[in-house]
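Colleague: I should like to learn how to read the packing and strand pairing of a protein model. May we go through it feature by feature?

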Amino acid sequence: MIRKSEEEIALMREPCRIVKDCLAFVGERICAGMTTKEVDDLVYRFIKGNGAEPSCLGYCGYPASACVSVNEVVVHGIPDDRVLMEGDIVSVDLCAYKNGFHGDGARTFRIGNVSPEKDKLVRVTEQCFFEGIKGLKAGTPLFDIGYQVQKYAELNGFSVIRAYTGHGIGREMHEDPSVPNFGRKGTGVRLQAGMVICVEPMIAAGSWRVKVLDDGWTAVTADGRPAAHYENTLVIREDGVEILTL
Ligand code: MF3
Ligand code: CO
């Protein structure tokens, strides 16, 4: 696991700032009638316009700048001509590369009025992130994060996706350690100051089981019920965390 120097962390602020601002830019524009491809175009132009590269584009053959995942799509939804409709929930996950480093973040947006269940799912998924990082600082056992995420999700009647996790980030988009959203309190390696990780709860309204569609990317819930996603890049500090994409 890589600890970053203050100089390296300083270089990461800009790609992370671009991720944060891009997510806000998309949030102000996303609406019913737009296609997921149009959402991706907004992301591509914003990232390029800020002098960065969309890390996802071409990553392991991924064909777009953002993952745009509607309703039952958990993650890695490939933007296409699907039209967003009132009542949808849409997660937008994107990475920017600049200064030799990546930043990574995701939000789930509501399209107009959504069902009470979807509304609660989005709210609980965001809160799962904040529950996950409660008390997080140098010395915290890694799986405390997942323990806290899982506890809050299940308390609210939802389930935690197991097949995908958070991760370290830096010069590579995915570095060690893997950061699961489930786990046993007090277990896992102890996180150290200067580590930069992405905490990204992916929460399902029904079962946590997923299947990947024939395109090799799109992960959907096996039961077809909705899922939500929320992610930030953060630095582990001696006395807490510093969130770079919020
Ligand atoms: N941003 C995603 C993550 O949180 C990665 C997307 S996979 C890609 O790890 F292929 F789209 F890049
Ligand atoms: Co990530």
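Modeller: Let us begin with pairing: two strands pair if DSSP finds at least two bridges between them. Helices (H or I, at least four residues) and strands (E, at least two) are DSSP runs, numbered from the N terminus. Here β9 and β14 run antiparallel and are joined by four bridges. Within this pair, V196 stands opposite V235 of β14.

Modeller: This is a predicted model, in which local features need pLDDT of at least 70 and side-chain atom pairs count only at pLDDT 80 or more, while totals for chains, interfaces and linings use all residues. Residues are numbered from 1 along each chain as its sequence is written, and side-chain values use heavy atoms, with hydrogens and water left out.

Colleague: In what order do the strands of the open sheet lie?

Modeller: Strands of a sheet pair through backbone hydrogen bonds, either parallel or antiparallel. In this case five strands form an open sheet in the order β8-β7-β9-β14-β15, and the pairing is antiparallel. At the edges are β8 (175–179) and β15 (240–243), each of which pairs on one side only. From one strand to the next, the twist averages 30 degrees.

Colleague: Which residues have the most contacts inside the largest nonpolar core?

Modeller: In soluble globular proteins, nonpolar side chains tend to be buried together. A nonpolar core is a set of buried Ala, Val, Leu, Ile, Met, Phe, Trp, Tyr and Cys residues joined through side-chain atoms within 4.5 Å; buried means under 20% relative accessible area, exposed over 50%, and partly exposed in between (1.4 Å probe, protein chains only). The largest core here has 28 residues, and I145, L191, I197, I203, L234 and I236 have the most contacts inside it. At least two of its residues come from each of α3 (116–132), α4 (143–155), β9 (196–199) and β14 (232–237). The largest share, five residues, is supplied by α3. Apart from this core lies another, of 23 residues, which include V39, F46, L84 and V90.

Colleague: Why does the length of helix α1 agree with expectation?

Modeller: The expected span is 1.5 Å times one less than the number of residues. The 24 residues of α1 (residues 6–29) should therefore span 34 Å, and the end C-alpha atoms are 35 Å apart, which agrees.

Colleague: How exposed is C31, and what is it in contact with?

Modeller: C31 lies in the loop between α1 and α2. It counts as partly exposed because its relative accessibility is 36%. With contact meaning heavy atoms within 4.5 Å, C31 is in contact with L84 and I111, leaving aside neighbours within four places in sequence.

Key: Chains lettered and ligands numbered in written order. Axes fitted to C-alpha atoms, helices over the stretch in contact; angles between N-to-C directions.
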